[in-house]
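Subject: Handover of a structural model

Dear colleague,

Please find below the structure that I am handing over to you.

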Amino acid sequence: MNLTDTHTHLYLEDFAPNPEEVVNRAIESGVSRMIFPNVGVDTIEPMKRLNSIFPEQTFMAMGLHPTEINESASDVFAAILDEFNSGIGKWVAVGEIGMDLYWDKTYASKQQDILDRQLTLAEQNNLPVIIHCREAIDETLEVFENHRGIRGVFHSFSGAERDVERIRNIAGDFYFGINGVVTFKNCDVKSVLPLITPERILLETDAPYLAPVPMRGKRNESSYLVHTARFVSTTLGINEEALADITTANASNLFNI
């Protein structure tokens, strides 16, 4: 099987001291490519280090995660922008960017401002975006009103049919990142998969978070993508190998890898 994990953070401290072992397990399981979205300033170097060990199997995206945005947002984003500009050609996307109002709404306006600036950065460099959107679909799409036609993925998607339609009508013909959440008993996103269609699905883990059934409760890793792929293929009634081929082709198309 030839799978692509389009969203994994194997460079985080959760995988210390040997993240290389986790990458190798993923490759052995059939996950031949992995995309590392950046989180904040402190994650840049460990991400680049792990990528340097596996330059053929891993790819990097550069951006500022919304939960990293606080009163120092402008200074932090300036550091991210410096890194982005110094590494042009290394990045397959601008990400992980977006809005997260689940934990704290204090910096909602700052999150919108930084999202707007990062969408502009993607447009200027003809790169897709990796969007994090948690409890903030209205606020996120409000920013997209000024950036129609941009390419990208709404990562860790768990919304309803109405959310799919709104994203398509406002943000554009986006892909939807499907991860272990789809396997959870009380998650309804599996009912939305036919509307999304396999041609707009990207498979992901969001490791170390959101391990799929039957690994739920464990530290997630990219090798567990096989469980999500199996669940999605069964739900859609298509062959598992076919789903792997389609979603890997989708990743190649979006990220130019």
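Conventions

The model is predicted, so local features need pLDDT of at least 70 and side-chain atom pairs count only at pLDDT 80 or more, while totals for chains, interfaces and linings use all residues. Residues are numbered from 1 along each chain as its sequence is written, and side-chain values use heavy atoms, with hydrogens and water left out. Helices (H or I, at least four residues) and strands (E, at least two) are DSSP runs, numbered from the N terminus. Contact means heavy atoms within 4.5 Å. Buried stands for under 20% relative accessible area, exposed for over 50%, and partly exposed for values in between (1.4 Å probe, protein chains only).

Helix packing

Two packed helices are described by the angle between their axes and the distance between the axes. Here the axes are lines fitted to C-alpha atoms, for helices over the stretch in contact, and the angles run from 0 to 180 degrees between N-to-C directions. Angles under 35 degrees count as roughly parallel, over 145 as roughly antiparallel, 65 to 115 as roughly perpendicular, and the rest as oblique. A crossing is left-handed if the near helix is turned anticlockwise from the far one by less than a right angle, and right-handed if clockwise.

Helix α3 (residues 73–86) and helix α4 (residues 108–124) have axes that come within 11 Å and cross at roughly 15°. The two helices α3 and α4 are therefore roughly parallel to each other, and α3 passes α4 in a right-handed crossing. On the α3 side the contact involves A73, S74, F77, L81 and F84, which meet K110, I114, R117, Q118 and L121 of α4. This contact of α3 with α4 has 6 nonpolar, 2 polar and 2 charged residues. In this classification Ala, Val, Leu, Ile, Met, Phe, Trp, Tyr, Cys and Pro are nonpolar, Asp, Glu, Lys and Arg are charged, and the others, Gly among them, are polar.

Helix α4 also packs against helix α5 (residues 137–144): their axes come within 9 Å and cross at roughly 40°. That angle makes α4 oblique to α5, and the crossing of α4 and α5 is right-handed. From α4, residues Q112, L115, D116 and L119 meet E139, T140, E142, V143 and F144 of α5. By class, the contact of α4 with α5 divides into 4 nonpolar, 2 polar and 3 charged residues.

Helix α8

Helix α8 (residues 225–236) has 12 residues and reaches 17 Å from its first C-alpha to its last, close to the 16 Å expected at 1.5 Å a residue. The expected span is 1.5 Å times one less than the number of residues. Its buried residues include L225, V226, H227, A229, V232, S233 and L236. T228, also in α8, is buried at a relative accessible area of 1%. Leaving aside neighbours within four places in sequence, T228 is in contact with I178, N179, G180, V182, T183, L203 and P212. After α8 comes G237, whose phi is positive, near 70°.

Two further buried residues

T58 belongs to strand β3 (residues 58–62) and counts as buried at 1% relative accessibility. Its C-alpha is separated by 9.5 Å from that of D5, 53 residues apart along the chain. With neighbours within four places in sequence set aside, T58 is in contact with M34, F36, L50 and N51.

A26 lies in helix α1 and is buried, with a relative accessible area of 0%. A26 and T4 are 22 residues apart in sequence and 9.9 Å apart in space, C-alpha to C-alpha. On the same exclusion of neighbours within four places in sequence, A26 is in contact with V31, M34, S222 and S223.

Backbone geometry

A cis peptide bond joins A16 and P17, with omega about 5°; P17 is in the loop between β1 (3–5) and α1 (19–29). A cis peptide bond also joins V213 and P214, with omega about 15°; P214 lies in the loop between β8 (201–203) and α8.

S156, a residue other than glycine, has a positive phi near 50°. S156 is in the loop between β6 (152–154) and α6 (161–170) and counts as buried at 19% relative accessibility. N256, which is not a glycine, has a positive phi of about 55°. N256 lies in the segment after α9 (240–255) and is exposed, with a relative accessible area of 70%.
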